[in-house]
Amino acid sequence: EVLLGSESARANLVDQLAAHVQATGAHGVNIDLEGLPSSRREQMVALTAALDDRIGEVVLATPAVDWSGAWDYSALTDHADLFIMGYGYHWGGSTYAGPTDPLLAGDIWPKWSLSWTVDDYLANGADPSRVILGLPLYGYRWSTADDSVPAATTGSGTAVFWTSAHATAATHGERFDDQSRSPWTWDGSTQTWYPTAESVGERIDMALEAKLAGVGFWALNYDDGDPDLWAAVAERTAADDPEDPDDPDDPEDPDDPEDPSPYRADAGAPFLAYVGDGVELSGEWSDGPAPLVFRWEQRSGPAVTLSGPDTMHPSFTVAAPGTHVFELWVGDGTTWSDPATSHVVVLDPGAGDGRSGCAVAPLTL
């Protein structure tokens, strides 16, 4: 509130962020100001407009429910993309166990859901082409007396990462709440509500129907690289179907006489990592006559040693923060595809807990 209430403080922040973007070569800025009071509604728009004027690419983290009426969605989308934090509908302090990101509400659930949130943004004037739906790659686990839905919690809930939640469900059986379109499981004393590739896919479909700019995730690494998840994401967001080489509208169709190469490289989506992490790149969505030959090279960023630069999944250990840029070619050793680029943005572990970040997947409508 102090920052937004001071014109000089806002100007100083804009100056410092603009200088940092220029010095680092960053694409833009992401602003996350939570608990915004309604008294700072106009000043938040003023700050965003100033950032847009100086930097040009601004993303705001915005709430699933604007409890205080502090967010002018219409004015803000004149100057920024809005990343809806579409999670926390049930949280650690919830009195009932339930989905972190219900797709639908009603019946046994309160009115608030992802569908309600998107409708609220659009009804209040947000430009859908500048709205990104953020989805969680984590769930919550609560102690409950039984497996009723909804069940009263008997203690505070704890966040559960993708692999842990799925392992619990594999042991005790996955259940599904049809009203909220959410998976959950019960182990006899706790309920765990969590996302799956299928539930994430349904939420992406909703974003497509609403003609939003895209979807994002909180947070990369939480899924531990589950290939089923990223296959579901790619199936819905990729411009071209990598499994359909006969698509006549595919600009790199190997049967197209104007296409000089039958090979298409795909270096995967950009993602975040932390110093000390082991990172594995992926060329699994590349396409062409088998057997494919892979060639990875680092183009910029702190130098790393790639293990297996001629494989589908080379890896390296992160030694320094910065944006690591890699290029991938696929071919037969003589004929090669055009290069595809992969970006790995590495943060210093001192900047967070080592397990956070978000990524945006653009949607093709």
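Reply: Let us begin with exposure: buried means under 20% relative accessible area, exposed means over 50%, and partly exposed lies in between. The model is a predicted one.

Me: What makes Asp 224 partly exposed?

Reply: Asp 224 has a relative accessibility of 45%. Asp 224 is placed in the loop between β10 (214–218) and α8 (227–237). Its phi is near 55 degrees, a positive value in a residue other than glycine.

Me: Why is Asp 107 called exposed?

Reply: The relative accessibility of Asp 107 is 70%. Exposed requires a value over 50%, and Asp 107 therefore counts as exposed. Asp 107 belongs to the loop between β3 (81–85) and α5 (114–123). Although Asp 107 is not a glycine, it has a positive phi of about 60 degrees.

Me: Which strands pair with β3, and in what sense?

Reply: Strand β2 (residues 58–62) pairs with β3 in the parallel sense, over four bridges. Strand β4 (residues 131–136) also pairs with β3 in the parallel sense, over four bridges. Two strands count as a pair if there are at least two bridges between them. As for individual partners, Thr 62 is bridged to Ile 84 in β3, and Phe 83 to Ile 132 in β4.

Me: Why are α7 and α8 called roughly parallel?

Reply: The axes of α7 and α8 cross at roughly 20 degrees and come within 9 Å. Angles under 35 degrees count as roughly parallel, and the two helices are therefore roughly parallel to each other. The crossing of α7 past α8 is right-handed.

Me: Which residues of α7 and α8 meet?

Reply: From α7, Ala 197, Val 200, Gly 201, Ile 204, Asp 205 and Leu 208 take part. They meet Asp 228, Leu 229, Ala 232, Val 233, Arg 236 and Thr 237 of α8. The residues of this contact of α7 with α8 divide into seven nonpolar, two polar and three charged.

Me: What makes α2 and α3 roughly parallel?

Reply: Helix α2 (residues 7–24) and helix α3 (residues 41–54) pack at an angle of about 30 degrees. The limit for roughly parallel is under 35 degrees, and α2 and α3 therefore fall into that class. Their axes are 10 Å apart, and α2 passes α3 in a right-handed crossing. The residues of the contact of α2 with α3 divide into eight nonpolar, one polar and three charged. Among the residues that meet are Leu 13, Val 14 and Leu 17 of α2, and Ala 46, Leu 47 and Leu 51 of α3.

Me: In what order do the five strands of the open sheet lie, and what makes β6 and β7 edge strands?

Reply: The order is β6-β5-β9-β8-β7, with antiparallel pairing. β6 (158–161) and β7 (175–177) are edge strands in that each pairs on one side only. The twist averages 30 degrees from one strand to the next.

Me: How many bridges join β7 to β8?

Reply: Three bridges join β7 to strand β8 (residues 182–186). A pair needs at least two bridges. Phe 176 has Pro 183 as its bridge partner in β8.

Me: Which peptide bonds are cis?

Reply: One of them runs from Val 149 to Pro 150, with omega near -5 degrees, and Pro 150 lies in the loop between β5 and β6. Another joins Ala 290 and Pro 291, where omega is about 0 degrees. Pro 291 is in the loop between β12 (278–280) and β13 (293–300).

Definitions and conventions. Residues are numbered from 1 along each chain as its sequence is written. This is a predicted model: local features need pLDDT of at least 70, side-chain atom pairs count only at pLDDT 80 or more; totals for chains, interfaces and linings use all residues. Side-chain values use heavy atoms; hydrogens and water are left out. Axes are lines fitted to C-alpha atoms, for helices over the stretch in contact, and angles run from 0 to 180 degrees between N-to-C directions. Angles under 35 degrees count as roughly parallel, over 145 as roughly antiparallel, 65 to 115 as roughly perpendicular and the rest as oblique. A crossing is left-handed if the near helix is turned anticlockwise from the far one by less than a right angle, and right-handed if clockwise. Contact means heavy atoms within 4.5 Å. Ala, Val, Leu, Ile, Met, Phe, Trp, Tyr, Cys and Pro count as nonpolar, Asp, Glu, Lys and Arg as charged, and the others, Gly among them, as polar. Buried means under 20% relative accessible area, exposed over 50%, partly exposed in between (1.4 Å probe, protein chains only).
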